[in-house]
Every structure is written in C-alpha cells, then in structure tokens.
Amino acid sequence: MEPKDTPHARVRARDAGMRLLTRLTTGAAVSAVIGVGLFGAVSAYTIPGTATTSTITSSSSSTSTSAGLQSSTTPVTSSSSSGVAVSGGSR
Amino acid sequence: MNNSVLWYTTRGAGAVSLVLLSAVVVLGILSVLRVQTTGWPRFLTVGLHRNLALMTLVFLTLHIVTAVVDPFTHLGWLAAVVPFSSYYRTFWLGLGTIAFELLLAIVLTSLVRGFIGQAAWRLLHWLTYAAWPFAVLHGVGTGTDAWSAWLFTLQAFCVIAVLAAIGYRFMTGSRDPLADARSSFQGAVDRREPR
Amino acid sequence: MSAPQLLAGPDPSRGSERRAEHVARLGPLPKGGHALIELLVRTGLTGRGGAGFPVGLKWRAVTTASHGSAVVIANGAEGEPHSRKDRLLMTSRPHLILDGAMLAAASVHAKQVVLYIGEEHHAAMRSMSGALTERTEHERRMVRIVAAPPRYVAGDSSATVHLVDAGIATPTTTPPSPRDRGVGGAATLVQNVETLAHVAVIARTGIATDTVLITVAGGVRAPGVFEVNVGTPLGDAVQLAGGASEPVRAVLVGGYFGQWVEPAEAWSLPLDPHALRARGLSLGCGVIGLVPASHCAVCEVAGIMRYLASESSAQCGPCFFGLRALADACTRIAERGTDPGDLQRLQRWSAEVQGRGACKHPDGVVMFLQSAMKTFGDDFAHHPAHIRRSA
Amino acid sequence: MTKQFELAVDRIKCDGRGLCAEILPERIRLDSWGYPIVAPGPIPEHLMGLAARAVDDCPVLAIALRRAQVQKQRPK
C-alpha cells in the first residue's frame with residue numbers, strides 16, 4: 001500500500017468529497033432557481049413588443065429568485081397581451 | 001398581473017429542467033464509465049447524479065404546474081397527465097408529458113431499487129434514453145417561437161454534451177473487468193440447449 | 001488385505017453389475033427414513049466428495065427444510081483431475097449408488113433424484129442409465145440424469161443446483177445453501193456418489209462401513225482406485241498401487257484442495273477421515289498423489305496453480321484475479337528463479353483472496369498453496385531459474 | 001442489547017466499483033484488484049449512517065446490511 005492510502009487519508013478524502021457534493025448540489029439548486037428567472041426574463045425579452053430596458057435590468061440584477069421574477073412582472077402589460085398572441089398564434 | 005409571470009416561469013423552469021436532465025444523463029454515464037480523479041471520488045458522481053435527478057423533478061413540477069394554472073394556455077390538468085390530450089400544441093406537449101412520466105417512473109424505481117431488484121431497475125433505467133430525447137423534442141417543438149434562438153443554443157449545448165457522453169460510452173466496452181472472462185467461462189459450462 | 005464393502009462381489013473391471021446380481025448379493029433395498037438418519041449420525045459417516053461434512057447431520061438439516069418436496073442430487077461430476085473412484089463406482093456398482101440415492105430420497109422426503117454425472121465420463125453415464133432401466137417404474141419416474149461440464153467448479157454443490165435449475169454449471173452465492181434452498185427453491189441434498197454407496201451398505205448392515213475409496217496417482221507403478229480399510233497406513237495403499245516408481249519428493253493427500261506431506265511423515269498416515277482431520281489434514285476426495293524426487297516441486301505447484309486459476313468461474317473478482325496473480329507469481333519463481341518480492345506477494349495475496357469467493361474455490365487453492373510453501377519452503381526460497389517441466 | 005448490523009458483500013454481484021470503500025474507509029478497503037475487503041464484526045453506531053449510504057450508493061446492489069450473527073459451519 002502507498003503511504004497516501006492510509007485509512008486516515010481515505011477518511012479525509014471521503015469527508016472532502018461529501019462536502020464537495022453538498023456544495024455542488026446547493027450550487028446547482030441556486031443557479032437553477034436563478035436560471036428560471038433568467039430564462040423567463042429572456043423569453044419575456046425575446047417576445048415581440050416587450051420593453052427592452054426592463055429585461056436588461058432584470059438579467060443584470062438577477063442575483064436571486066425574487067430579482068428574476070420581479071423583472072418579468074415589469075413588462076406585463078405590454079407582453080401579457082402578446083402572451084395571448086403567442087399562445088393563440090401558435091395554436 | 002401574475003399571468004405573464006406564470007408564462008415566463010413555465011418557460012424558464014422548462015429550460016432549466018432540460019439543462020438539469022442533460023447533466024443527470026451525463027453524470028449517469030460518467031458513473032458507468034467509473035470516472036474518478038483525486039479530489040473527485042466515484043461516489044461524488046453517483047451522489048450528484050441522484051441529487052440532480054431529484055432536483056430535475058422539482059423544476060419539472062414547477063414547469064408543469066405553472067403551465068397548467070396559466071389561464072392563457074387553458075391546458076387543464078388532464079393534458080399534464082394524459083399525453084396528446086391538449087388542444088394546445090397537442091403533439092409537442094404530448095412528448096413532454098411522456099418524458100415527464102418516464103422520468104417519474106425512472107426516479108421512483110430508483111428510490112425502491114432494493115425492492116424491485118437490480119435487473120428490473122437496470123431495465124427500467126434504460127428508459128432514460130427514451131425520456132431524454134422526448135424532453136429535447138418537446139423543448140424544440142413548443143419553444144419554436146420568438147426566443148427559439150436562445151433555446152436552440154441551450155438545446156444544442158445539451159444535445160452535444162449528452163451525445164458525446166453516449167458516444168463515448170458505447171464506443172468503449174464494458175467497464176466490468178470480469179465481463180469477458182466471465183462470459184467465456186459461462187459459455188463453456190452453459191448446457192441450456194436441449195440435451 | 002482389506003475386506004471390500006463397496007467393491008465386494010464381481011471384479012469391478014467387468015463393468016456394470018446387473019440388478020439381479022446386486023440384489024442376490026446384498027438383499028433387497030431396506031427402508032429409508034428417520035431411523036436411517038439417526039443411524040448415519042451414530043456411524044459418523046462423512047461426505048466423500050471433498051468437504052467431508054457429517055452425512056447424518058446434513059440429512060437432518062435437509063429433512064427439516066424439506067416440507068415433503070426435497071431434491072436429492074447424486075454428485076458424480078468427479079472434476080478432480082486425478083480422481084477415478086467415483087467413475088469406477090458408477091461403472092461397476094450403479095445399483096449401490098441408486099440404492100443410496102433412493103434411501104436418501106425416502107429419508108429427506110424427496111420427490112426428485114438427479115444423477116449428476118460428468119459428461120465426459122461416458123462409461124459411467126452408460127452404466128448408470130443402463131442400471132436405471134432395471135429399476136422400478138416408480139424409481140425411473142423419480143430419477144433423471146444430468147450431464148455436468150468437465151470443469152473443476154461444476155462439482156460444487158451450488159453449481160450442481162445451478163446447472164439443474166438454469167443450465168449453467170457455475171457456483172452461486174451462499175447463503176442460501178442448497179440444503180435450505182436448492183433446485184427449484186426446494187431443500188436439496190447434494191451427496192457424492194461414494195457417500196451414497198456407503199449409505200446403501202450401512203442401511204443393510206446397520207453398522208458403520210469401515211472402508212474408503214482411494215485413488216493413488218503420480219509416481220507409482222500401478223496407479224488406480226483401491227478400497228482400503230479406514231485407518232490403513234498411507235504407505236500400504238501405495239504398496240497396493242505397486243509402490244513408488246522412483247524416490248518420492250512429497251505426497252499430496254486429498255487432491256488439489258488437500259495438503260502436501262513429506263514422505264517420512266506420509267507413509268504412516270492413517271487413511272481415516274477423522275484421524276486425518278485431527279492432524280489438520282483431510283482425506284478430501286481420496287486422491288493420494290506422489291511427486292517423484294526427480295520432479296521440481298516448485299514447478300509442479302506452479303503447474304497446478306495455473307490449472308486451478310484457470311478453473312475459476314470468473315464470477316468473483318478476488319478469486320479470478322487473485323488466483324491468476326498467485327499462479328503467475330509461482331510461475332515466475334519456477335521459470336526465472338526465486339524473487340523475495342514474489343514470495344512476499346504470494347503471502348499477501350493469499351491473505352487477500354482467502355474467504356472472498358461465493359464458493360470455496362479460492363479458499364481451497366490458497367490452502368493448497370500455503371501447504372506447498374510450508375512443505376517446499378526451501379525449494380521456494382532457493383529456486384534456480386530454469387525452464388519448467390510439464391507439471 | 002441494541003440491534004447490531006454487519007456488512008455483507010455479494011461476491012458475484014460485486015464488480016469492483018469501489019464506492020463502498022470510498023464512503024466507508026473506516027470498515028472497507030480495496031484489495032490489489034479493486035474489490036472490497038470488509039472488516040469483520042458489527043458496524044459501530046456512529047458509522048451506521050455511512051454504512052447505509054455505502055449500501056444505497058452501490059451501483060450493482062452488491063453490498064447489504066444484515067443482522068450481525070455468528071456464522072455456523074455449513075455443508076458444501
């Protein structure tokens with residue numbers, strides 16, 4: 001056995017791996033939530049007739065869930081109708 | 001008003017679900033390939049595969065619930081459960097419904113793997129290779145409107161990643177170091193043909 | 001010198017004894033049942049397939065798990081390369097084996113009997129199937145013959161069950177042991193054919209048989225199978241085989257899963273399962289192998305190790321890779337001469353392989369190697385580099 | 001007396017993925033060929049969580065927790 005393979009070393013490697021797993025998982029969860037807001041905003045932005053400015057601020061300030069959702073409420077009036085247009089037109 | 005928020009959330013959650021699902025598929029293949037480095041133990045791949053799979057279901061639920069409750073689409077709960085039952089983009093939505101139900105089956109059977117046994121579980125897990133393409137096609141089909149450029153970029157990224165992993169898996173043979181010797185020995189002592 | 005009990009009657013070389021002659025000689029088949037099991041427990045009969053487990057206790061266990069639908073497998077696979085005694089018994093005394101199998105079936109409440117015969121033992125196969133046609137209608141319906149592939153592990157009890165059930169003669173994970181859950185999930189008694197022959201005699205006489213079948217092989221003038229009294233000195237058995245053909249380096253007692261013994265100690269060894277066990281040895285399947293002094297012990301061992309490694313069913317990693325590694329290390333020492341590193345590896349790998357297979361194959365091989373390295377310690381320690389002789 | 005559990009490996013199912021040894025190095029190490037060597041005896045209470053994790057994460061369901069018991073000699 002190599003000296004690196006002592007039980008103690010492997011216990012430490014295990015603990016490090018477990019910590020990394022937790023970090024990666026939480027990281028994925030957070031970025032997924034942000035992603036919902038981001039992609040939502042992007043879709044809002046790319047739908048015709050949406051105010052450009054609102055989503056620029058949204059994507060730039062999209063550090064948290066609320067930011068992502070807040071932003072997409074801004075262009076509502078202009079885009080909700082177009083939302084109908086989208087669903088209707090794509091029928 | 002919240003309606004458009006729902007609409008955007010549906011799309012956002014859908015896109016995120018696709019990314020997560022693709023990551024889960026890639027991780028699953030990496031675990032079969034026994035990928036491992038110092039600092040990246042094998043249980044990390046498997047653990048991440050499991051955690052992200054559960055996370056995918058969460059965001060898929062968000063994707064579906066927001067879509068159903070969105071008054072504009074008038075989907076109704078039936079469309080979320082019965083494939084091809086929605087008036088709205090019947091075909092493409094149906095693919096999504098199928099994909100979700102397959103994934104649900106895959107995850108649930110994985111949670112009770114110990115009870116249904118390894119063989120049955122493995123068989124069901126192959127359904128992933130059906131569920132993932134359905135999910136992608138669902139995204140392409142329902143997403144083909146103004147913002148499809150974004151979606152296509154995203155989907156292209158996912159498709160390339162997954163296809164690369166699948167290709168590598170099937171190009172390289174079994175990772176079970178015993179596989180060849182075992183099958184050759186069993187061939188030598190197999191007397192199943194009618195004596 | 002010994003009064004034969006299994007091979008009594010016509011000369012075994014004359015082939016299969018007919019049923020009429022068999023019954024005239026020994027009388028009708030007595031009844032099996034609880035009383036017989038208790039009798040077997042009292043006589044202390046042990047299995048002759050290799051493991052040497054007490055027969056009565058095994059039958060008790062199967063009866064307990066039986067629920068009236070047990071299965072009996074008469075194990076005549078005889079995969080041990082030098083062993084011949086099971087074949088001799090099957091070709092010459094088929095009805096003795098069938099009697100034993102029927103008594104077993106009656107005792108453990110079995111409805112099925114399987115004659116598990118090595119597919120290359122053609123004479124044995126003919127003899128047993130021929131004898132079967134002489135049995136009663138009821139018995140013929142109970143008994144079927146299954147041909148076993150000519151591989152070492154095919155004789156493992158779980159492998160016999162696996163072949164009968166699934167058609168593949170590879171060992172399976174135990175527990176469950178076949179005696180608890182075997183053929184079709186039923187309690188299954190797997191018993192060597194010689195053991196069953198002993199049962200057939202004991203059931204008639206009511207007293208313990210006092211003979212064992214021995215195969216004397218290797219450096220003797222007339223290798224062959226001999227029925228000797230329990231406790232006969234090993235040297236006498238060798239004399240029955242015409243004596244050693246040349247000076248003897250060592251004796252392998254009990255076949256490939258047996259132990260190496262120096263000649264000085266070997267000749268006086270009593271051929272008695274219990275006495276040998278008391279000395280940390282085992283009669284195993286009854287093979288006595290003599291290695292001539294003219295042979296290189298290390299090369300013999302390396303050859304046998306290569307064979308045993310190649311007989312791993314490659315189902316369990318430690319067995320498949322471990323035995324190969326051990327065999328390769330032995331071969332390196334045999335061909336290129338002693339290397340201290342290899343000697344250390346042999347010790348370390350033996351410890352790693354021990355007890356880590358689904359069946360007992362790796363354990364048997366490690367025991368064999370450990371015994372070899374003890375008996376041939378000097379040879380392993382100072383082996384010159386030379387091309388190995390065929391083992 | 002609390003329930004005691006021990007780890008049992010199904011040698012035929014096991015194909016040396018090595019996750020169990022990574023997750024529970026306190027009790028499991030890999031042999032020269034990558035197959036697990038499990039320390040005999042019951043699992044101490046403070047390791048049960050990790051032991052269960054090792055069982056759940058085995059990709060081929062080759063390792064299991066079972067009631068610790070004294071092994072009787074069994075006929076082959």
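Modeller: Two strands are taken to pair if DSSP finds at least two bridges between them. The model discussed here is predicted. By that criterion, strand β7 (residues 248–253) of chain C and strand β9 (residues 287–292) of chain C are joined by 5 bridges and run antiparallel. Within this pair, C:Val251 stands opposite C:Leu290 of β9(C).

Both strands belong to an open sheet of 5 strands in chain C, ordered β6-β5-β9-β7-β8, with mixed pairing. Its edges are formed by β6 (224–229) and β8 (259–261) of chain C, each of which pairs on one side only. On average, neighbouring strands of the sheet are turned by 30 degrees against each other, direction ignored. Helix α16 (residues 361–375) of chain C packs on this sheet and touches β7 and β8 of chain C; the direction of α16(C) makes about 20 degrees with that of β8(C).

Parallel pairing is found at strand β1 (residues 70–76) of chain C. Over 7 bridges, β1(C) pairs in the parallel sense with strand β2 (residues 110–118) of chain C, and over 5 bridges, also in the parallel sense, with strand β4 (residues 188–192) of chain C. C:Val72 takes part in both pairings: C:Val113 stands opposite in β2(C), while C:Leu189 is the bridge partner in β4(C).

As for burial, 7 of the 7 residues of β1(C) are buried, so the strand is largely enclosed by the rest of the structure. Both of its faces are covered, with C:Ala70, C:Val72, C:Ala74 and C:Gly76 buried on one side and C:Val71, C:Ile73 and C:Asn75 buried on the other.

Notes:
Residues are numbered from 1 along each chain as its sequence is written. Chains are lettered from A and ligands numbered from 1 in the order in which they are written. This is a predicted model: local features need pLDDT of at least 70, side-chain atom pairs count only at pLDDT 80 or more; totals for chains, interfaces and linings use all residues. Side-chain values use heavy atoms; hydrogens and water are left out. Buried means under 20% relative accessible area, exposed over 50%, partly exposed in between (1.4 Å probe, protein chains only). Helices (H or I, at least four residues) and strands (E, at least two) are DSSP runs, numbered from the N terminus. Axes are lines fitted to C-alpha atoms, for helices over the stretch in contact, and angles run from 0 to 180 degrees between N-to-C directions. Contact means heavy atoms within 4.5 Å.
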